[in-house]
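Hi there,

I'm passing a structure on to you, and I hope you enjoy looking through it. Please open it first, and then read my notes below.

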Amino acid sequence: MKHSSYKDAGVNVNAGYESTNLIKKHIAKTQLQGTINQIGDFGGFFPLQLQGMQEPILVSGTDGVGTKLKLAFLLDRHTSIGIDCVAMCVNDILCSGAKPLFFLDYIALDCNTPTKVADIVEGIAQGCIESGCQLLGGETAEMPGFYAKDEYDLAGFCVGIVEKSKIPNKARIKQGDIAIGIASSGLHSNGFSLVRKILQDNHINPLSYDFQGKPIIETLLTPTKIYVSSVLNLLATLEVKSIAHITGGGFYENIPRSLPQGLGIKISQNSIPHQPIFDFLAQKGGISQEEMFGIFNMGIGMCIIIDPSQVDRTLSTLQSSGEQVCILGEICQNEGVFLC
């Protein structure tokens, strides 16, 4: 009888050990004061510091990067994808006013390439640093035969905390309130199945096709912007009624989630900061403007709903945090999203 080993089955245990050693330095960069867990423990420990909080509420979120990964595989660049994974999670819980505390990742791949795993985790660590949270742990699963050669999937999970009384309350929203848009860094991590189809249908090689003086894949792989610092600063300064993270489903799916029943929003298209990548996709894909707003963020990553009296303060506060902002629209009496 032939002897079979784990390595014969496609799992390299030694590569797993090497990956762990390579990622230790990246994880260490995210360590927060008072942390007691060690890399290699079976669970991540996080000491809660609740001084000054009356009713602390934990807020959790989970997400992945989606088919944007296919472009990372093509370019063989993986650090920015790690930032995307963190951003998609922390931006979601930020809509509840939550400060991210810790993050965990899950990387599943066909074959453990230690340097590739280290690149992914380096990006995750960078995203955690930008979010002010700790990379508390994770899992790398080598699954030969399940994923295509040299491919992987990436997902994350984060937990944050917010004072109950500070959670934005959409019930306070009324007709005439103002929506402030915070600019995105590009496509972020949504709509890439359509993006890839548009490239394929137009026989565009993303590695060589010139877009504004560089290969278009560079623009497509721009990491998702993390809004934690600027939005938490805003929440500490004035009352925000609601926040929407513009992700999959674009404006039509995400903004209504942040509004009470019976109200809608009129969007001023001309006020949105112009990003040529969206024009390119609409033209090459033959996609209507209305459909584009139902798929992509169109240049707006976060939508903040405030009282009209707070417009100037909101704009100046966000601008002082380095954000590009605009008056996105106004709350109206009819349900839905209306492009004007």
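Predicted model: local features only at pLDDT ≥ 70, side-chain atom pairs only at ≥ 80, totals over all residues.

Residues are numbered from 1 along each chain as its sequence is written, and side-chain values use heavy atoms, leaving out hydrogens and water.

**The sheet and its helices**

You will find an open sheet of 4 strands in the order E1-E4-E2-E3, with mixed pairing. Helices (H or I, at least four residues) and strands (E, at least two) are DSSP runs, numbered from the N terminus, and two strands pair if DSSP finds at least two bridges between them. At the edges are strand E1 (56–64) and strand E3 (134–142), each pairing on one side only. From one strand to the next, the twist averages 15°; axes are lines fitted to C-alpha atoms, for helices over the stretch in contact, and angles run from 0 to 180 degrees between N-to-C directions.

Strand E2 (residues 99–109) pairs with E3 in the parallel sense over 8 bridges. Leucine 109 stands opposite glutamate 142 in E3.

Helix H3 (residues 79–94) packs on this sheet, where it touches E1, E2 and strand E4 (152–163), and its direction makes about 35° with that of E4. Contact here means heavy atoms within 4.5 Å. Helix H4 (residues 114–131) lies across E2, E3 and E4 and runs at about 165° to E2.

**The aromatic rings**

A search of the whole structure finds 6 aromatic pairs. Rings of Phe, Tyr and Trp (its six-membered ring) pair if their centres lie within 6.5 Å; planes under 30 degrees apart count as stacked, over 60 as edge-to-face and the rest as tilted.

One of the pairs is phenylalanine 211 with phenylalanine 280, edge-to-face at 5.5 Å centre to centre with 65° between the planes. Phenylalanine 211 lies in strand E6 (residues 210–211) and phenylalanine 280 in helix H9 (residues 276–285), so this pair ties together parts that are 69 residues apart in sequence. Both phenylalanine 211 and phenylalanine 280 are buried (under 20% relative accessible area, with exposed over 50% and partly exposed in between; 1.4 Å probe, protein chains only).

Phenylalanine 251 and phenylalanine 293 form another edge-to-face pair, 4.9 Å centre to centre and 65° between the planes. It links helix H8 (residues 250–257) with helix H10 (residues 289–293), 42 residues apart.

Best wishes
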